[in-house]
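Please look through the two chains below, one at a time, and then at the place where they touch. The paragraphs that follow take the chains in that order.

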Amino acid sequence: MTHVSLKNLSKIYPGTQMPALDNLSLEIPTGELTALLGPSGCGKTTTMKMIAGLLEPSSGDITFDGKSVLDEKPEDRGAVMVFQNYLLFPYMSVAENIGFGLKMRKTDPNQIKKRVGEMLDMVKLPDLGNRKPSELSGGQQQRVALARALIIQPDVLLLDEPLSNLDAHLRLEMRDLIRSLQQEMKITTIFVTHDQEEAVVLADKIALILDGKMKQYDTPQAFYDAPIDEATARFFGSQNFIHGSAKDGIFESSLGKISIPKNIKTGQGALTFRPENVQIQQDGSKDNTFTASVDNIIYLGTQTRLKLKLSDVEIDAIVNPREAQGLSIGDQINIRLPAEILWKVN
Amino acid sequence: MSTRKNTPLQSLRVLSGIVLITWLVLPPIPLAIWSFAKGWYFPDILPKRWTLNAWEYTFSNTAGVIDSLWITIWISLAATFLSILIGVPAGRALGMYKFKGKEFIELLILAPVIVPGIAVVLGIHSVFLFMGLTNTVTGVILVHLIPTLPYMTLVMSGIFANYDAAFEDQARSLGASPFKTFWYVTLPAIMPGIIVGGLFAFLVSWSQYILTLLIGGGRVITLPLLLFNFATSGRNDITGAIGMIYILPGIVILLLTAKHLSGRSGAVGGFGQI
């Protein structure tokens, strides 16, 4: 139950000019699961290590419940990090690995044994205590690493790319496990990932970091519906941008006038929308309807991706395969961009 | 399964086997026989008469062999201990970090293996003389570090090149102090290197002759010095007996470390640089 706050946190590694992390400020509420999302090398693991106390920030402050923790050693901070490659100690059994944190705290051996047993049940590996880490599968190792961190009931749990080394079905299982344990123990949890999907499925809130700077800190939904700029929208998979300027519910662009929601701010920018929200229309007379030529058709099984050209603007649309039936490259179709799916980025 | 054929490679293997046995296994045999012989003259294949005289003399108080054995063990153990103390951090720096002048430092560490000991020790002798370290056991221990440290450092740099320091971060994060982190996480991981490097350092120190002679100035009589005295005075029987004692640690250590010395072990990876 700890409120973590990062204040103007920067890190410049010795011998480099570019900051690995530039002036990051972030409030992470008690008991929430927050994702630090960004491409590799954007400073997210650096941030994580600074919170854990394994790296010293060049400037800025980190506070837990309002108290600066910069002077506290990693072993005293109450923030436990689970690394991407699990780092189970190879010379110890699974049980010894899980009990490591309690042993360092000089807990009574019988008590350790009892707690390790509980943790093994909790991560659903009840009979594997005597195995060596090398005898476990990747998913099992991940769960042992999680149990080893949770057994000491940390104030803050830090997860480095928790799902990225797992295959598809294990990811879902692990995601559910992390979420349920986190909810149950109400541990303020921060995880870093380069995979927006991983962030979306796991996090309460996402902080998107691009080039060492925080772009947007919001709920997963907001990143799809209201991205702050083109780079953010692109990171979340949107390729659709129509440049122009907005005023009083009308957007002027090379495609003509487009009606937009009233609450969109006046000014220059780009309209963006999710490819899956584009509608194919038979009748071209409705508002916000445009003629498009089909440049490419990519069949993806449960959906079909269309590359469309609206005079000089190229957009992506994702439609139901039934709707795309009978279409071929070069066809002219009518598409509609309803006002409510549109959002303006700067 | 492939059948074994008498290829050229196969014969080369047999030949090298013979050479190894002739050079390494056969030489101690006459030494062993001499130690029990009462005269052994050409053209006899074995001595005509046997005796335990040489062994009795060797273990007697007048011979000084036992004193010499203890001092040799003490010097070698101390040199090994100091080598580990210095070689582990040095190997960590060389194996894990990139820094300016690293190649030069690696060359410096290798230098004692390349440059003849006698050339180095003549310079050191005058320094030690000034510091009052000549003719002392301490001086001999210190001078033994010159040949032992390169082995220790190279073995440890090989170990640390394959070592992931993130384990230490993980231990700290789980609540281990720096000392406990070293004890529970680092030490088990580098133990094979410490064992192999330490045994090498011990053997290298054990077999020093010139360095001990020059720095010890005849006051510090280690086993090889004593052995040489008897060998040059023509007492083949006593030479044989002391020689037997002298080669014992080497054989024991070889047997103990055999499994660590295969090419696949990280502990000997550093030797590639020699």
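Chain A has nine helices and 20 strands, where helices (H or I, at least four residues) and strands (E, at least two) are DSSP runs numbered from the N terminus. This is a predicted model, in which local features need pLDDT of at least 70 and side-chain atom pairs count only at pLDDT 80 or more, while totals for chains, interfaces and linings use all residues. Residues are numbered from 1 along each chain as its sequence is written, and chains are lettered from A and ligands numbered from 1 in the order in which they are written.

The C-alpha trace of chain A spans about 75 × 45 × 35 Å along its principal axes. Of its 346 residues, 39% count as buried, a residue being buried if 20 or more other C-beta atoms, placed from the backbone, lie within 10 Å of its own. Contacts, that is, pairs of residues whose C-beta atoms, placed from the backbone, lie within 7 Å, can also be sorted by sequence separation: in chain A, 65% of those with a separation of 6 or more are between residues 24 or more positions apart.

Within chain A, helix H2 (residues 94-104) and helix H4 (residues 138-150) pack at an angle of about 30°, with their axes 6 Å apart; axes here are lines fitted to C-alpha atoms, for helices over the stretch in contact, and angles run from 0 to 180 degrees between N-to-C directions. H2(A) and H4(A) are therefore roughly parallel to each other, a term that covers angles under 35 degrees. On the H2(A) side the contact is made by Val94(A), Asn97(A), Ile98(A), Phe100(A) and Gly101(A), which meet Val144(A), Ala147(A) and Arg148(A) in H4(A). By class, this contact has five nonpolar, two polar and one charged residues, with Ala, Val, Leu, Ile, Met, Phe, Trp, Tyr, Cys and Pro counted as nonpolar, Asp, Glu, Lys and Arg as charged, and the others, Gly among them, as polar.

Chain B comes to 12 helices and zero strands. Its C-alpha trace spans about 70 × 65 × 35 Å along the principal axes, and 34% of its 274 residues count as buried. Among contacts in chain B between residues at least 6 apart in sequence, 75% join residues at least 24 apart.

Where the chains touch, the contact takes 16 residues from chain A and 13 residues from chain B. On the chain B side, the elements that give two or more residues are helix H8 (166-173) and helix H9 (178-206) of chain B, and H8(B) provides the largest share, six residues. The residues of this side divide into six nonpolar, four polar and three charged.

Terms used. Contact = placed C-beta atoms within 7 Å. Parallel < 35°, antiparallel > 145°, perpendicular 65-115°, else oblique. Buried ≥ 20, exposed ≤ 12 C-beta atoms within 10 Å, placed from the backbone.
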